[in-house]
Structures are given as structure tokens and as C-alpha cells.
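Hello,

Here is the structure I promised to pass on to you. Please open it alongside this email and look around as you read.

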Amino acid sequence: MIIDELSLNSFGKFKDEKINLDNGINIIYGNNEAGKTTIHKFIEGMFFGFFRPYTKRKLYSKDYKKYFPWNSDKYYGTLKYTVDGDKYRIDRNFLKGRDQVKVFDDKTGEEITHMYDYDKTSRLHAPASLHLKLNSVVYNNTINIGQLKCKTEGDLAKEVKDSLINLGGSLDEDISVENIIKDIDKKIDNIGTKERIKTSPYGKLAEEIMELEEDKKETIEVLNKIKDSQILINHIKGEIKDLNEEKLDLQEKMESIEGIRLYKRYNNAIKIKKGIENLEKEQLELKKYSHIDDSKYTEAISINSEINSLKERIADNDITLQELEEQVSDLNDTVKKYNYFENVNKGDIENLSNKFTLINDKEKEIDELNKKREILKSKVDNVDKGNLTDIREDFYKIEELEEKKRSLIYERRDDEINNIKVQIENENTRRSKINTINITSLSIAFITIIVGFIVDMKVSIVSPLFIILALIGYNKMKSINKKLDSFKKDLRDNREKRLDEKNRLSDIDKNIVMILNKYDCDNKTDLRRLMDQYSMDIGLISNNIEAINDLDKKIDDVKKVFDKYSGEITKYLNMANIDGGINTNNIKKLKDIFCIYNEDTNNINVLKGEISNIKDNNEHLNKRLMDKINELENILKENNAKNIKEFKENIDYKNKFLKIKGKLDGENKLFDSILNGDSLSLLKEKLTRYNVDDIQDADFDMEKNKEVLEGINNSIVEKREELSKLEEKVKYYLSSVTPLAYLNEEIDRKSSLIKDYEDKLQSLKLVKTTINKLSKNIHREFAPKLNAKVSTLIGSITGDKYKKVKINEKINIKVSDENSGKLVNVNTLSSGTMDQLYFATRLGIINVIREDNNIPIILDDCFTQYDVKRLTNILKFLSKESLNRQIILFTCHERESKVFDKLNVKYNYVEV
């Protein structure tokens with residue numbers, strides 16, 4: 001893969017900047033802040049955009065704002081690259097909300113975006129998916145090395161681990177063992193532990209069981225307290241019963257004395273009853289005024305005042321309107337005399353003097369043109385034009401045939417056929433990958449099922465996952481087979497079209513030879529010379545004829561202008577009945593008449609505008625007047641009044657009604673207090689039980705017995721209060737605790753859930769252990785390959801100072817000490833050596849993941865801390881590497897170019 005051209009149309013500080021790159025080594029030189037890093041980021045942005053990795057929704061990275069154009073609201077660019085001789089062009093619009101990516105075949109101009117993978121998160125096609133075959137994280141940690149970033153980032157370990165486990169990129173990139181482990185960890189984390197009482201279901205459930213046990217203990221204690229309180233309640237109820245019996249005996253003795261008092265109550269109640277009946281009768285007569293809303297009276301007064309004000313304003317407007325209409329009538333009489341100016345434009349009248357001057361000039365110009373025409377006409381002779389017309393037609397026919405030939409050559413099907421072959425090859429590769437996935441998934445599913453039967457059935461819980469993966473792969477295989485059939489059909493169609501195009505090209509060549517033979521010419525150039533010779537012979541006469549034709553056209557054009565302006569002036573003079581023909585005085589007279597007409601017309605329009613405004617105002621005032629009249633009528637209607645005066649009288653009646661109502665309430669309260677809960681008929685009935693004259697109370701001490709009765713009542717009240725407190729206490733105890741049966745049931749239910757969680761945790765941990773073992777076994781197969789690649793690279797870079805390197809799953813690097821034979825951690829080495837090791841690791845990783853070894857390396861000022869010796873070694877290595885892949889080196893130093901010159905290495909130099 002070779003990046004050919006960068007077009008920074010609107011990106012960062014750059015506007016319409018184009019950079020051409022070559023195969024091999026490219027040095028992009030510039031001082032600090034010159035824009036090297038911007039160009040570096042542009043390449044990354046064109047392939048991947050500026051989106052955050054590992055997100056489920058579309059989020060933009062900080063680089064999006066950082067490289068937003070300085071002085072433009074557009075944000076786009078173009079990148080061209082070549083793969084195996086085929087040229088491609090990427091067009092990307094970075095602008096948020098309008099972001100778009102398109103990929104074209106740069107030879108034919110055909111859009112081929114559909115051939116690239118579609119990213120559901122960014123909702124865009126991924127230009128890096130077809131040829132680069134890297135995601136943004138692996139790209140930035142392998143082939144794309146920025147300033148002081150020779151050390152790999154943390155995300156690379158995860159990405160590389162998945163890439164290695166997935167057979168160096170041969171499996172479907174959607175399947176990741178790392179993601180499966182993460183999913184299992186997430187499920188384990190979602191269940192949690194007993195210790196995480198606030199953040200996990202397991203912990204919360206354990207805490208809830210402890211709380212239920214505490215509630216059960218409290219409930220048992222409260223039930224014992226309720227039992228003691230119930231014994232005391234039964235004892236107090238017995239005491240209350242005895243006191244009530246004693247009270248009943250005493251009340252029977254005191255009842256006879258109550259007869260006299262009952263007689264007095266009855267007579268007083270009769271008198272008050274009659275007074276109440278009289279007040280009720282009077283109140284009934286005034287009840288119809290009870291709903292009167294006296295708060296609306298002030299509002300009605302205000303509305304009535306506004307109605308009178310509106311009527312006055314309408315009357316004033318009517319007088320003004322009459323005066324204005326009389327003025328308009330007088331002006332209309334004047335204007336009618338000049339009504340022929342009604343549709344005349346003011347500018348046309350004002351421009352008549354200019355037109356008068358112009359027609360005098362045009363008359364002179366016509367005379368001069370006629371003289372010139374006569375001179376040219378005398379020079380024209382009859383000349384034989386020969387067969388020039390036939391030669392021209394045949395010459396243009398040859399050009400048309402050649403254009404058709406070029407079009408057919410441009411539309412040749414070779415590129416289309418090659419493109420279809422590439423697509424067929426890609427689909428076959430995908431089918432092979434997915435077939436590997438299906439075999440691997442079914443194998444793992446089979447292994448987990450066997451292990452489940454032999455060791456523990458919980459291990460087989462993961463088997464459905466891999467069976468589902470195999471089913472997904474099967475569906476993808478069906479889709480790929482369908483695509484392959486379609487591509488093969490397209491290939492057959494294109495081959496047939498290519499044969500037809502060859503036949504058409506042969507016919508075109510025959511027609512061209514036939515035309516040339518007609519004039520005894522060997523080629524189109526001979527025919528062109530023959531045509532030019534004929535053209536020279538008739539050149540002079542053609543020029544004269546053309547000049548005469550031009551003069552005739554000019555004379556016609558001038559006459560048209562003369563006739564047009566003369567006609568316009570004559571039209572307006574006739575309109576105003578002005579005789580004497582076209583002259584300065586008549587034009588001035590016409591203008592004066594038009595000025596009078598125009599002024600009167602303008603005055604009429606102004607007065608009509610005022611009339612219209614007054615009418616609109618009156619219409620608005622009348623509408624408002626009707627609204628206010630309706631509003632006043634509604635208020636009066638709601639309050640049973642025909643006018644304001646009657647409304648005031650109704651308010652007075654309402655106040656009288658309220659006064660009687662208050663007095664009646666007082667009498668009713670007095671009446672009720674006398675009855676004391678009895679009715680008048682009941683008092684009368686009670687009175688029949690007593691013969692007031694026969695009541696003997698001489699031997700009965702009423703006051704003393706009242707004191708005794710009061711004491712008994714007090715005792716009963718005290719006992720009842722004590723009883724009530726005890727009963728409330730029991731109720732409180734019952735309400736403050738959860739029923740014991742419910743607690744026992746909840747403890748049993750939640751304990752069962754705890755057991756389920758423990759079983760699930762055990763199963764998930766067992767599955768995770770099994771997958772990790774499988775993952776490590778696969779990783780161990782690739783670790784020697786990666787270590788061998790990096791060891792070879794570091795030997796070349798360091799001049800065989802370090803030959804053996806060991807890299808673990810987390811991309812931690814150790815080197816072998818040649819003297820002791822021990823593995824040394826890279827952190828103990830010098831910073832320059834560390835940089836060399838990490839640089840070699842990046843290339844080693846990409847060479848393992850991408851064995852085709854032909855994608856570019858992009859370096860941005862990453863050798864600043866190298867000394868001359870290390871720099872020379874690394875550049876020697878890059879010069880060899882450039883034979884297989886493109887090298888793009890950004891630098892603010894001249895050291896690199898000097899070393900390459902010294903090594904006699906060719907490079908493309910670009911200065912920004």
C-alpha cells in the first residue's frame with residue numbers, strides 16, 4: 001500500500017494544501033508549529049475519523065476540535081493511495097452532523113464505498129477496513145508513531161491479544177475472546193459479593209437477610225410485651241364495668257329532679273322556635289339576592305365608563321372621515337382631466353429628453369454606416385467556394401469517430417473485470433475465515449459439553465454461546481455465497497461487453513480509412529492541410545461578406561432604437577393632445593402636465609391611506625365597544641339587574657339577606673343548646689313522664705350526689721384513658737413490627753436466591769477459567785512467532801547488541817543479557833535503548849498481525865532522543881524496510897536527510 005497524495009482542503013491551519021508522496025522514503029520537514037503534526041493527524045483522520053474507540057454511541061475525540069479549520073466553517077480533505085497498481089481516492093467531510101466518507105476507484109471515477117465495512121457506531125463506512133485492515137488503536141500503536149510515543153499504549157495489549165488469539169487476523173474481527181471474558185466478568189460483577197452490600201445484588205440480598213433476622217428477633221420481643229399489656233387491659237375493663245353500675249343507680253335517683261328542669265327547657269324552646277320561623281320567612285323572600293356578586297359592581301361601573309368613552313371616539317372619527325372624503329372627491333375631479341396618465345410610469349416621462357437627444361444621434365449614425373457598406377460591397381467579387389463544405393463535414397466526422405473511439409477505450413471493461421475478481425477473492429477469503437470460526441466455535445462447544453459431562457455440568461453453560469456463534473457464521477456463509485453468485489454473473493456480463501466494444505472499435509477504424517481515401521490522404525493531418533488551403537483561397541471574400549453582414553446588422557439595430565424611441569415620444573405627445581411634432585418645447589409641456597397629475601394622484605393616495613386607517617380604527621373601536629357592551633350585559637344578567645342602578649339595589653337586598661342569616665344562625669345555635677341534642681317532640685314526650693307538682697326532693701341532696709356522680713364519671717374517664725393508652729400501645733406494637741409468618745417466608749425465599757447466586761457465580765468462574773486456559777494455549781502458539789519477529793528487528797536496529805526478546809500478553813518486554821543469560825526488564829535499560837525496543841515491538845506486532853508486510857510506516861519526530869549512532873542504525877534499517885513498504889518521516893531536524901545523503905539513500909523531500 002502506498003499513500004500517493006494528501007489534499008488538506010480545509011483542515012487545521014491548512015487551506016487547499018496538496019502534498020505528493022512517493023514509494024519508499026518520504027521526509028516531511030518543517031520547523032516547530034509549521035503544521036507537521038497536523039498533516040500527520042490528517043492521515044489518521046482520513047482513514048479513521050476523529051471518534052473515541054470502544055464506545056457504543058458516536059462520540060468525537062479531542063482531536064476533532066483541535067484540528068477544526070482556523071478560518072473556515074468547512075472541514076474536509078482527500079487522500080489518494082495505491083494497492084497492487086490499483087488507485088483509490090478517499091473523500092471525507094469531518095464536519096459534525098454532516099460527516100461523510102466516500103471511496104472511489106481513482107482510475108475510472110466509480111464510487112466503491114460499498115466495498116468497505118460499515119461502522120454501526122459512527123454510522124460511516126471504514127476506509128481502513130479493506131486494505132489497511134487495522135483499527136485506530138492498533139494503527140496508533142504500530143505503524144503510526146507520534147512525538148515521544150515509541151512506547152506502546154495500554155489499549156494495545158488488549159487489541160494485540162485479541163488479534164493474536166484470533167489467529168493473526170484470520171478470524172472475524174467481531175469475535176473477541178477478550179470481549180467474552182469481559183462479558184463474563186460483567187455478569188460476575190453484576191452479581192457481586194456479600195461484602196458489596198450497596199453495589200451488588202448478592203451483597204444487597206445478604207444484607208436484607210440479616211435485616212430480616214433482626215426484625216424477627218424484635219417481633220418476638222414485641223409479642224411478649226403485647227401479651228403482658230392484654231392482661232392489664234382485661235383488669236381495667238372489669239373496674240370500668242363496676243363504676244358504670246354504680247353510676248346507673250345514682251342517675252335513677254337524680255332523674256326525678258330533672259322533670260322540673262325539662263319543663264323550663266320546653267317552654268323556652270317553644271318561644272325561640274316561633275322567632276326562628278319568622279326570620280326564616282323573611283330570609284326566604286330575600287334568598288333570590290343571595291347570589292349577587294357585589295365585587296362585580298365596581299367592574300360594571302368601570303366598563304360603563306369605558307363604553308361612553310368609546311362612543312365619543314367613534315363619533316370624532318366619523319367627523320374626520322367625512323372631511324377627508326370631501327377632499328378626495330375634489331382631487332378626483334382634477335385628476336379625471338388627465339386620466340390618460342393612469343398607467344404611465346414616472347421614469348418614462350422623465351427620460352423623454354434623453355430619448356430625444358438619442359434619436360438625433362442615431363439618425364447621424366445610420367448615414368455613416370450606409371456609406372461604409374457601399375464601399376465594402378464594391379470590393380466583393382464572385383469567387384468559387386469549391387468543395388470546402390464537404391471537406392469540413394468529413395473532417396469533423398473523423399473527429400467524432402475518434403472521440404467515440406477514445407470513449408470506448410476509456411470505458412474498457414478491464415478495470416471493472418479486475419475489480420470484480422478482487423471482490424470475488426475477498427468474499428472467498430471471508431468465507432474461509434467464517435468457516436474457520438464455525439469449526440472453532442463448534443469445537444469449543446463440543447469440548448465444553450464433554451467437559452461438562454465428565455467434570456461438572458456447569459462448564460457446559462458456555463456451549464450455547466459458541467453454538468450461536470456457529471449459527472451466525474452459517475448465516476453469513478449463505479449471504480457470502482449469494483454475493484459470489486452475483487459477482488460471477490457480473491464478471492460474465494462484463495466479458496461479453498468487452499467483446500462487443502472490440503467489434504465497435506474495428507468498425508470505427510474502417511470508417512476513418514474510408515473518409516481519408518476519398519481525398520487521397522494518409523491521415524487526418526493531411527486532410528486538415530487540404531481544408532486549410534481551401535480556407536485561405538476564400539478568406540478575403542469571406543471577411544468582406546462578414547463585414548457587410550455586420551454593418552447590415554448594426555444599421556438594423558440602430559434603426560430599431562431610432563424607431564422605438566421616436567414612437568415612444570410620439571405616443572405620449574398624442575396622449576396629451578400636443579401638436580407640433582417632436583421638439584424640446586412639446587416635451588417640456590408634456591412633463592409639466594404629468595407633474596400636476598402625479599402630485600394630485602399622490603395626495604389622493606395619502607388621503608385614502610388616512611381614510612383607511614380611520615376606518616380600521618373605527619372597526620377596532622366598534623368591535624371593542626360591542627365586547628364591552630356584551631361584557632356589561634353579562635355582569636348585569638348574572639346579577640338579575642337591567643341597569644347599574646338596579647344592580648346597586650340588589651346589592652342592598654343581599655346585605656339585608658346576610659344580616660338576617662347571621663341573626664338566624666345565632667337563634668338556631670341558642671335553640672340547639674336548649675334542646676341539647678333532643679328534638680322538641682322528644683322533650684314533650686319526656687315531659688309526659690313527670691308530674692312536676694308531685695316531685696318530692698326535700699330529702700335528696702342533689703348537689704352532694706352530683707359531686708359523687710362527678711367523681712364516678714372522673715374515675716370512669718381516668719380508667720378509659722388508661723385503657724385507651726394501653727390499647728394504643730398494643731396497636732403501636734402491632735404496627736411497628738412485621739408479621740412473624742411473613743418474616744419467616746421472606747427469609748426462606750431470599751436464602752434460596754442467595755443459593756442461586758452462589759451457584760451462578762461458581763458456574764461463571766468455572767467458564768471463565770476454562771476460556772482463559774483455551775485463550776492462553778492459543779496465545780502460546782503465537783508468542784514464539786512474535787518474539788522471533790521482534791528479536792530479528794531489534795538485532796538489525798541495535799547492530800546485534802540485543803538479539804533475544806521476550807514479550808508477554810500485556811506487551812511487557814524483557815531482553816536476554818548475553819553475558820549472564822538472564823532476562824532483563826526493559827525499564828532497567830537506557831531511554832534510547834528502550835525506544836529502540838518499543839519501536840521494534842510495534843513493527844513486530846504489525847508483522848505478526850499483517851503478514852503481507854506492505855502497509856506504510858508513519859513517524860512524527862520520534863527519534864529526537866537518539867544519538868548519532870542510534871539514529872544511523874535506525875535509518876539504515878528504515879532504508880531496507882522502504883524496499884518493502886512506504887516510509888513517511890515527519891521531522892523538524894535536518895539530521896535525517898543528512899544521514900540518508902551520507903548513506904546514499906534516495907528519498908522524497910517535502911517542506912512545509
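Below is what was found in it.

A word on the basis: this is a predicted model, where local features need pLDDT of at least 70, side-chain atom pairs count only at pLDDT 80 or more, and totals for chains, interfaces and linings use all residues. Residues are numbered from 1 along each chain as its sequence is written, and side-chain values use heavy atoms, leaving out hydrogens and water.

The protein has 23 helices and 15 strands; these are DSSP runs, with helices being H or I of at least four residues and strands E of at least two. Of its 912 residues, 39% are buried, meaning under 20% relative accessible area with a 1.4 Å probe, protein chains only. The structure holds 0 disulfides (pairs of cysteine sulfur atoms within 2.5 Å).

How many cavities of 30 Å³ or more does a search of the whole structure find? There are 3. A cavity is a set of points on a 1 Å grid over the protein atoms alone where a 1.4 Å probe fits but cannot get out, and lining residues have an atom within 4 Å of a point. Points are joined across faces, edges and corners, and volume is the space filled by probe spheres set on them. The second largest cavity holds about 50 Å³, and its lining includes Phe50, Tyr60, Arg92 and Asp99.

Happy exploring!

Note on methods
1 Å grid on protein atoms, 1.4 Å probe; cavity = no way out; pocket = protein on both sides within 12 Å on 5 of 7 lines; lining within 4 Å. Buried < 20%, exposed > 50% of the residue type's maximum accessible area, 1.4 Å probe, protein only.
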